[in-house]
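The following exercises are to be worked with the sequence and the model at hand. Each task is followed by a stepwise solution.

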Amino acid sequence: MSAAGTTPSPQPHFADAQCPPLRGGEGDSFLPEAFANWFASRGWSARPHQLALIERAAQGKSVLLVAPTGGGKTLAGFLPSLIELAALPARRPRELHTLYISPLKALAVDVARNLETPVAEMGLGVRIETRTGDTPASRRQRQKTLPPDILLTTPEQLALLIASREAPRLFKNLRAVVLDELHAINNTKRGDLLALGLARLRALAPGHRSVGLSATVADPKPLMEFLAPGTELVRGAAGAQPEISILASDAHVPWSGHLARHAMADVLDAIRRAKTSLVFVNTRAQAELTFQQLWRLNEDNLAIALHHGSLAPAQRRKVESAMTRGNLRAVVCTSTLDLGIDWGAVDNVICIGAPKGAARLVQRIGRANHRLDEPSKALLVPSNRFEVLECEAARDAVMAGELDGDRLRKGGLDVLAQHVLGSACAAPFDADALYAEIASASPYKSLSRDEFDRVLDFVATGGYALKRYDRYARLRRTDEGKWRVAHPRVAQQYRMNVGVIVEDPMIDIRLQSKGRPTGAGGRSLGQLEEYFVEQLVPGDTFTFAGDVLRFEGIREDAAYVTRTRDPEAQVPSYNGGKFPLSTFLAQRVREMVSKPETWDVLPEPVHEWLRIQEWRSIIPKPGQLLVETFPRGAKQYLVCYPFEGRLAHQTLGMLITRRLERLRMRPLGFSANEYALAIWALRDMGGLDMAKLFDEDMLGDDLDAWLAESNLYKRTFRNCAIIAGLIERRFPGREKTGRQVTFSSDLIYDVLREHEPDHILLRATYEDAATGLLDIARLAEMLARVRGRIVTKRLDRVSPLAVPALLEISKEMVAGEAHEDILREAEESLIADAMRI
């Protein structure tokens, strides 16, 4: 939308369309009178892409709308439905007209609340409801038989709806499906689940149209295929280029670390200068630490809040409401606020640490200033020298309009198994018909009939190695040859465990008053991983939910804490949540390092660091892999710089150390970060044939041998087994602890490895590992790329480029009260050696 002569009045969420007018807006004639009057009353006219969606809807066509933040995407997705509903009689049957699907519960609720504004102001009489995990069970049950006109929900709730007996009646007259933030869910397991749900909707309601809403992406074709056959593309006008600055001092840039402690005073100054800031970090632990650091410096008592996924829903909603009212100056947050929820008051985005991807940076920048013709402002705060390079590369990419392109993955077989079971929960199904339906979903377009039949056999019996056990018999064949659930209990188990987000078992954290007996009441602050809480003893302190807490003990299924003060309180560790460096951005960083003529834009400490590296060792040329070897103390080191991300480097480290053991180099360990891999051993590795050491054949027998004993691989199998329904996490009266789930999955893993190594779940695990925790596919691409292009430098001491990697080794190996002093001494010694000319 855009203003037409007068200053537009603010409108929550749809205020992403507050902009100057489009001149020559005669396209508004496509709008019904009530809608045209509503636009005019606000001084707006419809944008061309909003009118294009109305036109395509009238033709019954499915559309992907790609537009930047501030382009009015959300209202564009709903306008055709509102126009259709407004034309219907006031007294009409209760039928679901439009289904809106969001990747976030909070976004669905936020959109529903703001959609009520135009509906009420135009007097449309349209019924709007949300359906999430927080919706009361009675309302969810009623929605199946008396649905609203527009239902806003999530992929998991869609899976539950299509697995219900009421699904054919609920969806038979569905006219439209609106998929928001589609770029964020495509090419993920949640995307697989959603794609299968869309295929089922096409069977239940053949005449409906689909609308996909996406931020700017490198290639829209995969999203168009995801939506529906014959989807057309509509692009919104480009917005103003963002203003991106990088906070990096010419006086001091840390060599390593991820917390940017050195910059917190500058971050607080940036918050002070802005109206409202979102301070993004990449992990929940970073969020807790950053909040504490800012609060210690906050002498002005600015209203700063904390928001991440482990906090209690009530606490997150409280923060979101305060932001909506404009009561906060800043929110320290993780990816929980990456998407959709728009606050007009936000005028500055601060990113602590490197963004790890250009597309993610664009998404986060878009949270600020929802005016298409005015630039969004962002401040990047690199926490170390390599991150300075990454931030520069990301800024250059965004300003050039270049974004990450994801490697397309095949649909997960574990997700498929869950869907097959859900199909049987809805009604007995014919295998031929279900296969045809599944193959119409874009992630499964290459699924062979043999693969489908093996998945079906697994769901029905558990597979060859497990079919003797009745507990794994979940489907039975009817006399008509259809497949049905073996017992009503199976359907209940499915409903309790649906979804593909596998989290570690959590324990509720409850705050109680001092002096009260442990376990006596207390409000919930959120949840922490079970494994972290189990290591605590009464009296231990940790930071959580923005407070320093003292652990008092565990009672039943909750941990009880009290507030305290302790500057040395530990930060909870969280599994997952770390973004790997994108392939696209890694390439740009490699190019920047290899071209000295680009270094002049860098802060002086970083510029000097690279210049001394060039003099002391080697700056690798584009496409080369630099491998350095040198002694330090009683150990020998090998450091390489693939710039392929932490996950691929960890896998490479595991495989290289296995080879070094066979070569009797006596390796002691390795450390991997986003940019480099460092290995230390007792024997000199400088004389090795690096071409053979880094040969692609390590992905054969070496990889198979390591996977057989890898805890990371077993963890991947556990996740696949949970998603596929082989191991249920939740069932009334039979909740499993993390240890019980792991024990069960390890037993099954060992049985399948020995007796059925080609089991479909083991195949699903390998495919998952290729793009997940082990990133085998990316490692394979890297080894192929550097074949014949490895350059080796044998040094007498550590190089400047190797210092950050060795400092991370020190942090992993040093513990105890004196660790800060020891680390400071180690850092000073390393830097002196590396920078000595």
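**Exercise 1.** Which residue stands opposite N348 in β14?

*Solution.* This is a predicted model, in which local features need pLDDT of at least 70 and side-chain atom pairs count only at pLDDT 80 or more, while totals for chains, interfaces and linings use all residues. Residues are numbered from 1 along each chain as its sequence is written, and side-chain values use heavy atoms, with hydrogens and water left out.

Step 1. Helices (H or I, at least four residues) and strands (E, at least two) are DSSP runs numbered from the N terminus. Two strands pair if DSSP finds at least two bridges between them.

Step 2. Strand β11 (residues 277-280) runs parallel to β14 and is joined to it by four bridges. In this pairing, S277 is the residue opposite N348.

Step 3. Strand β15 (residues 377-381) also pairs with β14 in the parallel sense, over four bridges. Here C351 stands opposite L380 of β15.

Step 4. Five of the five residues of β14 (residues 348-352) are buried. N348, I350 and I352 cover one side, and V349 and C351 the other.

**Exercise 2.** State the strand order of the open sheet of seven strands and determine which strands stand at its edges.

*Solution.* 

Step 1. The order is β5-β6-β4-β7-β8-β3-β9, and the pairing is parallel.

Step 2. β5 (128-131) and β9 (232-235) each have a single partner strand, so one side of each lacks a neighbour in the sheet. Neighbouring strands are turned against each other by 20° on average, direction ignored.

Step 3. Helix α4 (residues 105-121) lies across β4 (98-101), β5 and β6 (150-153), at about 180° to β5. Helix α5 (residues 137-145) lies across β5 and β6, at about 120° to β5. Such angles run from 0 to 180 degrees between N-to-C directions, with axes fitted to C-alpha atoms, for helices over the stretch in contact.

**Exercise 3.** Describe how helix α18 packs against helix α28.

*Solution.* 

Step 1. Two packed helices are described by the angle between their axes and the distance between the axes.

Step 2. For α18 (residues 449-461) and α28 (residues 760-771), the angle is about 115° and the axes are 10 Å apart.

Step 3. Contact (heavy atoms within 4.5 Å) is made by E451, R454, V455 and F458 of α18 with I760, L761 and R763 of α28.

Step 4. By class, four of these residues are nonpolar, none polar and three charged. Here Ala, Val, Leu, Ile, Met, Phe, Trp, Tyr, Cys and Pro count as nonpolar, Asp, Glu, Lys and Arg as charged, and the others, Gly among them, as polar.

**Exercise 4.** Why is helix α2 described as largely enclosed?

*Solution.* 

Step 1. Of the eleven residues of α2 (residues 48-58), eight are buried, so the helix is largely enclosed by the rest of the structure.

Step 2. The buried residues are H49, Q50, L51, A52, L53, I54, R56 and A57. Their cover includes α1 (33-41), β3, α3 (73-86), β8 (209-214) and β9.

Step 3. G60 follows α2 and has a positive phi, near 75°.

**Exercise 5.** Is N187 buried or exposed? Treat D775 likewise.

*Solution.* 

Step 1. Most residues other than glycine have a negative phi. The phi of N187 is positive, near 65°, as is that of D775, near 50°.

Step 2. N187 is in the loop between α8 (182-185) and α9 (189-204), whereas D775 is in the loop between α28 and α29 (776-785).

Step 3. N187 is buried at a relative accessible area of 18%. D775 is likewise buried, at 7% relative accessibility.

How values were computed: Buried means under 20% relative accessible area, exposed over 50%, partly exposed in between (1.4 Å probe, protein chains only).
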